[in-house]
Amino acid sequence: MLKLIQQSVVLPATPERLYEMYLDPVLHAAFTGAPAMISEVPGSEFRAFGGTLGGKMLDTLSHKLIVHSWRASHWTAADLDSTLILTFWPDAVGGRIDLTHVNVAEHDFEGVTEGWEKYYWGPWRAYLRQG
C-alpha cells in the first residue's frame, strides 16, 4: 500500500529565501551537506545526496510551490515514483514549508518520514542559524 507523509516546518528565513535555497544546487548542498542537482525548469532532473534521491521537476510557482517526482535509489523497479509537493508560507518566525509526499513506498515509509527531519529540516535550521 502506498503511503502519504504530511509535515510542516517553520524555519528562520522568509518563504522566498527558503524556496530559492531549495532550488539552488549550491545552497541545497550546503544545508544538506551532500551534493545536489536541482532546477526550477519543468522536466529537469533532480538529484540529491550524491544520487541517493532522484526525480524530475514537475512544476513550480515562483516562491510559493515546488512539485517534483522523487524516489530513493534503493526502491525496487516495482515501486512507483512518489510525488513531493512543497508550499512556502510566511510565519511570524520566518517561513513555513508545508510538505505533502505522496506514494511513498511502504517499505521505506518510516525511513522517509524520519529522514525529512534528519536530513532536511534539522540541517537546514542549523545552517540558517549559523548565518
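Modeller: What follows takes the words one by one and sets values against definitions.
This is a predicted model, in which local features need pLDDT of at least 70 and side-chain atom pairs count only at pLDDT 80 or more, while totals for chains, interfaces and linings use all residues. Residues are numbered from 1 along each chain as its sequence is written, and side-chain values use heavy atoms, with hydrogens and water left out.

Colleague: Why is His101 called buried?

Modeller: Buried means under 20% relative accessible area, with exposed being over 50% and partly exposed in between (1.4 Å probe, protein chains only). His101 has a relative accessible area of 0%, so it is called buried. The residue lies in strand β7, residues 95-104, where a strand is a DSSP run of E of at least two residues and a helix one of H or I of at least four, both numbered from the N terminus.

Colleague: What makes the link between the side chains of His101 and Trp116 a polar contact?

Modeller: The term requires a pair of N or O atoms within 3.5 Å; within protein, one must be able to donate a hydrogen and the other to accept it, and residues adjacent in sequence count only if both atoms are side-chain atoms. The contact between the side chains of His101 and Trp116 is 3.2 Å, and the side chain of His101 makes another polar contact with that of Ser82, at 2.8 Å.

Colleague: How do you know that the buried residues of α2 line one face of the helix?

Modeller: In α2, residues 25-32, the buried residues are His28, Phe31 and Thr32. Seen down the axis of α2, they fall within an arc of 95 degrees, so they line one face; the arc is that of the directions from the helix axis to the C-beta atoms. These buried residues pack against α1 (15-23), β2 (36-37), β3 (45-48) and α3 (109-130), contact meaning heavy atoms within 4.5 Å.

Colleague: Why are α1 and α2 called roughly perpendicular?

Modeller: Axes are lines fitted to C-alpha atoms, for helices over the stretch in contact, and angles run from 0 to 180 degrees between N-to-C directions. Angles under 35 degrees count as roughly parallel, over 145 as roughly antiparallel, 65 to 115 as roughly perpendicular and the rest as oblique. The axes of α1 and α2 come within 5 Å and cross at roughly 95 degrees, and the two helices are therefore roughly perpendicular to each other. Met21, Tyr22 and Leu23 in α1 meet Pro25, Leu27, His28 and Phe31 in α2.
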